[in-house]
Amino acid sequence: MTDLTHYRNIGIFAHVDAGKTTTTERILKLTGKIHKLGEVHDGAATTDFMEQEQERGITIQSAATSCVWNDHRLNIIDTPGHVDFTIEVYRSLKVLDGGVGVFCGSGGVEPQSETNWRYANESEVARIIFVNKLDRLGADFYRVVKQVKEVLGATPVIMTLPIGTEDDFIGVVDLLSEKAYVWDDSGDPLKYTVQDIPADMVDDAAKYREELIEAVVDQDDDVMEKYLDGEEPDIDTLKRCIRKGTIALDFFPTYCGSAFKNKGVQLVLDAVVDYLPNPIEVKPQPEVDLEGNETGEFALVDPDRPLRALAFKIMDDRFGALTFIRIYSGKLDKGMTVLNTFTGKTERIGRIVEMHADSREELDSAQAGDIVAVIGMKNVQTGHTLCDPKQPATLEPMVFPDPVISIAVAPKDKGGSEKMGIALGKMIQEDPSFHVETDEDSGETILKGMGELHLDIKVDILKRTHGIELEVGKPQVAYRETITQRIEDSYTHKKQSGGSGQFGKIDYVIEPGEPGTGFQFESKVTGGNVPREFWPAVEKGFKSMLDHGVLADFPILDFQVTLMDGAYHAVDSSAVAFEIAARSAFRQSIPKAGPQLIEPIMKVDVFSPDDNVGDVIGDLNRRRGMIKAQEAGVTGVRIKADIPLSEMFGYIGDLRTMTSGRGQFSMEFSHYMPCPKNVSEEVIKEVAERNSKK
């Protein structure tokens with residue numbers, strides 16, 4: 001039986017370009033998993049094995065790999081940093097027990113780091129911090145620590161101090177052992193010496209060590225008392241306190257180094273083993289019933305309990321579909337039958353493999369705490385629960401955001417459409433934030449995603465990986481509609497011409513709801529004028545019309561229908577009659593309720609060098625942007641703004657032109673807002689023209 005206390009399931013996450021993948025490469029090298037280091041900028045990193053990742057130097061899919069350090073087994077997931085692939089980070093955090101947040105020594109806490117940090121807080125994942133790239137120009141460890149406090153509202157506990165900065169960065173001082181780790185210039189991570197703390201750093205080290213002890217002793221009252229009486233705790237006691245506080249999310253042990261130059265990664269690995277929780281120490285996953293309500297039961301991490309596992313990622317590769325599974329309780333054996341509680345169907349477990357980036361090792365069984373991949377599962381999708389058919393239960397599912405941008409694609413030749421259908425089927429399974437629809441009128445295939453880059457990569461995969469020649473339309477914004485006025489109305493559906501007829505009368509109020517509430521329905525009918533059994537039919541009738549707003553056929557959001565009164569006929573009334581009445585009532589009343597077009601507003605975070613700030617802000621204002629904040633940094637200014645998505649197409653090109661290639665930006669969906677009249681008229685006109693051509 002494997003000792004679960006020797007397991008660590010961890011993720012590495014950060015902003016684009018902070019060095020996550022390079023850090024993962026160094027960990028694999030140090031743990032003996034790979035013998036030659038691959039570099040991201042050469043397109044040869046082990047965990048970036050997609051063509052698109054190698055070319056762009058970014059991570060798109062989260063890659064899973066396992067290795068061993070100090071007799072502990074580490075399951076590591078390297079997640080993407082780019083905002084369009086946040087979904088990958090979110091679903092990885094869902095199945096991890098701990099994480100390493102990587103921050104760039106010169107860039108500091110960047111927009112995507114904030115989003116990922118927020119996700120990790122929501123998922124209650126314990127983390128350690130690694131301030132990377134301290135060999136870079138403008139790197140400043142202490143500034144990044146300050147940003148972690150101010151921007152993330154987190155409590156970092158400094159564990160190591162950098163020796164030297166930028167080109168002179170040679171190693172780190174470990175505050176616990178009070179020793180300096182100094183690497184030579186060979187670039188070999190194993191070529192370092194342990195020395196005394198450099199004379200010019202002794203005072204600093206003593207000061208920060210005292211801060212470290214003060215921050216952690218309050219995890220244990222006895223230790224605290226002794227410390228106040230002047231007795232300093234030994235290293236083992238300190239480690240125990242740090243572990244307790246890290247797992248409780250009271251603070252985050254903070255390390256520094258340069259993954260690219262192979263300096264400081266060993267201490268991060270030691271910290272993963274020393275301070276991050278094993279699967280047993282994490283709050284167990286709640287079990288829910290088929291309606292999504294918590295049952296009060298938990299999937300306790302124990303190999304002897306019934307099987308509970310969550311499929312958190314589907315990946316298609318040359319060996320077939322791989323389903324990545326985190327096992328929470330019980331055991332998974334080759335050849336056993338498991339129940340998928342989402343589909344209600346059973347599946348047989350064929351081959352179980354342990355992944356090392358894109359190579360694999362066959363296993364006969366896996367158990368609670370493991371992250372493994374299963375080959376050839378048919379109907380399993382991200383977020384589905386696999387369990388023991390005799391003792392079924394569902395784990396809390398994952399919630400994914402709706403896409404905000406779409407493009408139309410069509411294969412250039414007839415033969416391509418079948419190929420495209422199969423390829424898109426696989427891609428939807430892999431990425432739950434990617435949706436595909438067919439426009440019934442035009443027959444076009446519409447791809448929907450989280451941003452321009454997201455769709456750009458999808459089109460690229462269709463073209464190169466699947467060899468399909470495509471014609472691609474211009475991006476379309478996911479507009480929505482809503483109403484602005486309260487209206488009281490009545491509708492009678494009557495069809496009584498011989499034989500059994502249909503009759504249903506409803507009196508109702510339609511009024512605007514709070515933003516983000518979607519559609520709400522309630523009935524205030526008293527006295528049985530509309531019998532209770534017909535209320536769901538009225539709700540169903542209104543619901544069935546939500547996808548077709550009256551202005552430009554966009555889905556309609558944020559309004560409430562209250563059924564006030566009505567009438568029924570003892571013979572001719574039926575659920576169908578009331579459903580038809582509700583549909584007709586929608587068509588009759590929504591145009592009178594002040595319908596309005598609303599557009600997706602993006603939270604945009606732009607970095608601009610000091611010299612170009614005026615131009616960048618002027619340009620954002622021209623794009624109907626609302627500037628929210630400006631923060632001056634060492635190398636430039638970060639501008640935060642809310643901007644309509646429709647104004648942001650092609651922005652990266654304009655930003656690079658304005659800033660001579662030095663500007664960067666990221667954006668994510670924030671909320672919907674009413675469109676200005678001129679924009680609204682333009683969109684409605686465009687939709688009408690498109691529809692007239694069909």
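Author: The charged end of Arg 127 sits over the ring of Trp 117, 4.3 Å from its centre. A charge counts as over a ring if NZ of Lys or CZ of Arg is within 6 Å of the ring centre and within 35 degrees of the ring normal. This is a predicted model, in which local features need pLDDT of at least 70 and side-chain atom pairs count only at pLDDT 80 or more, while totals for chains, interfaces and linings use all residues. Residues are numbered from 1 along each chain as its sequence is written, and side-chain values use heavy atoms, with hydrogens and water left out.

Reader: Which residue lies over the face of Tyr 208?
Author: Lys 207 does, at 4.6 Å from the ring centre.

Reader: Back to Trp 117: which cluster do ring pairs link it into?
Author: Ring pairs link Trp 117 with Phe 103 and Phe 252. Rings of Phe, Tyr and Trp (its six-membered ring) pair if their centres lie within 6.5 Å; planes under 30 degrees apart count as stacked, over 60 as edge-to-face and the rest as tilted.

Reader: How many aromatic pairs does the structure hold?
Author: There are twelve aromatic pairs. One of them joins Phe 141 and Tyr 142, with ring centres 5.4 Å apart and planes at 70 degrees, so this pair is edge-to-face.

Reader: Is Phe 141 buried or exposed?
Author: Phe 141 is buried, at a relative accessible area of 3%, whereas Tyr 142 is partly exposed, at 31%. Buried means under 20% relative accessible area, exposed over 50%, and partly exposed in between (1.4 Å probe, protein chains only).

Reader: What about Tyr 508 and Phe 542?
Author: Tyr 508 and Phe 542 also form an edge-to-face pair, 5.9 Å centre to centre with 70 degrees between the planes. Tyr 508 belongs to strand 32 (residues 502–512) and Phe 542 to helix 12 (residues 535–543), so the pair ties together parts 34 residues apart in sequence. Helices (H or I, at least four residues) and strands (E, at least two) are DSSP runs, numbered from the N terminus. Both Tyr 508 and Phe 542 are buried.

Reader: New topic: where does Asp 304 lie?
Author: Asp 304 is in the loop between strand 13 (294–299) and strand 14 (308–317). With 69% relative accessibility, Asp 304 counts as exposed.

Reader: What separates the C-alpha atoms of Asp 304 and Ser 329?
Author: A distance of 7.6 Å separates these C-alpha atoms, and the two residues are 25 residues apart along the chain.
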